[in-house]
Amino acid sequence: MAGPLRGRRGKAALIALILLTLSLAPTVAMQPGGRSSDGRSPLDYAGLRPDWVRLPPASPAPAPAPIEPAPAAPELQEPTPAPPEPMPTVEAAPPVPSETIAIAGVPPLAEAPPPGTAAAPPTESPAPPPTLALVEGLDLAFAEAIVEATNQARLANGLAPLAEHPALVAAAQEYADLHAHVSPDRLDHRLNGSTLDSRAEAEGHAGWTFLAENLVWSGFQPPLSPAEAVQQWLASPAHRDNLLNPTVNETGVGCYVLAAEQPFRICVQDFGARP
């Protein structure tokens, strides 16, 4: 019996001790929203259960010192603008033309120098390049110059000069005229089905033993001189054989100028031999 009684007494003493402890510990009641009755949240207890131990309340933070407003800057008074001075009135000068117009190639008149100043000597403008006067038709002077250049070349090569035959001259002139109008861009010895012998015989050149013909075309940018035309023939073997043929003793030259948009000249030189 003693054992159980001692055990009961020990349990009663333990229960009394627990009750005394609970009566002395402060209780913490949680309010809705996670805050305790004294206004602290569970985080204020360093993560411990609120009904175990309560940490001492934190010291209140010192109230911030009142901030005194900075003194306002004094307002600057804008200076009163002075009234604008009246602008002097200036009479507008008449407009000066900015361009000069030359009429019919006449230069604009020079302005007269102010009084009391010596006038500068006039400067002479360079003379315009001479324009080549082109007259459409037969160019007799050019044809005659070709005959002279031909005889000079024959004399330089030990050959007798050539005499002009009227029938060969007429045949060459007719064919130069025809060639300039029918075939202005391609040289041909048989235009309209004609041949050298038919053209010469149509002009009355009979009894011939040899006939030959040279053609040359030249523009005017730059123009070709008669001597240059003969030099072109001498540079071509076939044309050179006709011009320096020792059996030839007669010739006739015809040149025609066509004053087109791009003017040109065609020359025909016929060679003949008769006993």
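A disulfide is a pair of cysteine sulfur atoms within 2.5 Å. Keep that cut-off handy for the exercises below, and remember that this is a predicted model.

**Exercise 1. Find how many disulfides there are, and say where the partners sit.**

Step 1: Check the sulfur atoms. Those of Cys255 and Cys267 are 2.2 Å apart, so the pair passes the 2.5 Å cut-off.

Step 2: Count. The rule gives 1 disulfide.

Step 3: Cys255 belongs to strand E6 (residues 250–258) and Cys267 to strand E7 (residues 264–273), so the link ties together parts that are 12 residues apart in sequence.

Step 4: The angle about the S-S bond is 115°, and the link of Cys255 and Cys267 is right-handed.

Step 5: Ask about the surroundings. Cys255 and Cys267 are both buried.

**Exercise 2. Decide whether Asp185 is buried or exposed, and locate it.**

Step 1: Find its place in the chain. Asp185 sits in the loop between helix H3 (166–182) and helix H4 (196–202).

Step 2: Exposed means over 50%, and Asp185 has 71% relative accessibility, so it counts as exposed.

Step 3: Compare sequence with space. Asp185 and Phe264 are 79 residues apart along the chain, while their C-alpha atoms are separated by 9.7 Å.

**Exercise 3. Describe the largest nonpolar core.**

Step 1: Get its size. This core has 22 residues, and Ile146, Val230, Leu243 and Cys255 have the most contacts inside it.

Step 2: See who contributes. Two or more residues each come from helix H2 (140–156), strand E5 (210–219), helix H5 (226–234), E6 and E7. H2 gives the largest share, 6 residues.

Step 3: Zoom in on Val230. Leaving out residues up to four places away in sequence, Val230 touches Ile146, Ala149, Thr150 and Leu243.

**Exercise 4. Work out why the buried residues of H5 line one face of the helix.**

Step 1: List the buried residues. In H5 these are Pro226, Ala229, Val230, Trp233 and Leu234.

Step 2: Look down the axis. The buried residues of H5 fall within an arc of 140°, so they line one face of the helix.

Step 3: Find what lies over them. The cover on the buried residues of H5 includes H2, E5, helix H6 (237–243) and E7.

Definitions and conventions. Residues numbered from 1 in each chain as written. Predicted model: local features only at pLDDT ≥ 70, side-chain atom pairs only at ≥ 80, totals over all residues. Heavy atoms only, no water. Helix = DSSP H or I, 4+ residues; strand = E, 2+ residues; numbered from the N terminus. Buried < 20%, exposed > 50% of the residue type's maximum accessible area, 1.4 Å probe, protein only. Core = buried A, V, L, I, M, F, W, Y, C linked by side-chain atoms within 4.5 Å. Contact = heavy atoms within 4.5 Å. Arc of directions from axis to C-beta.
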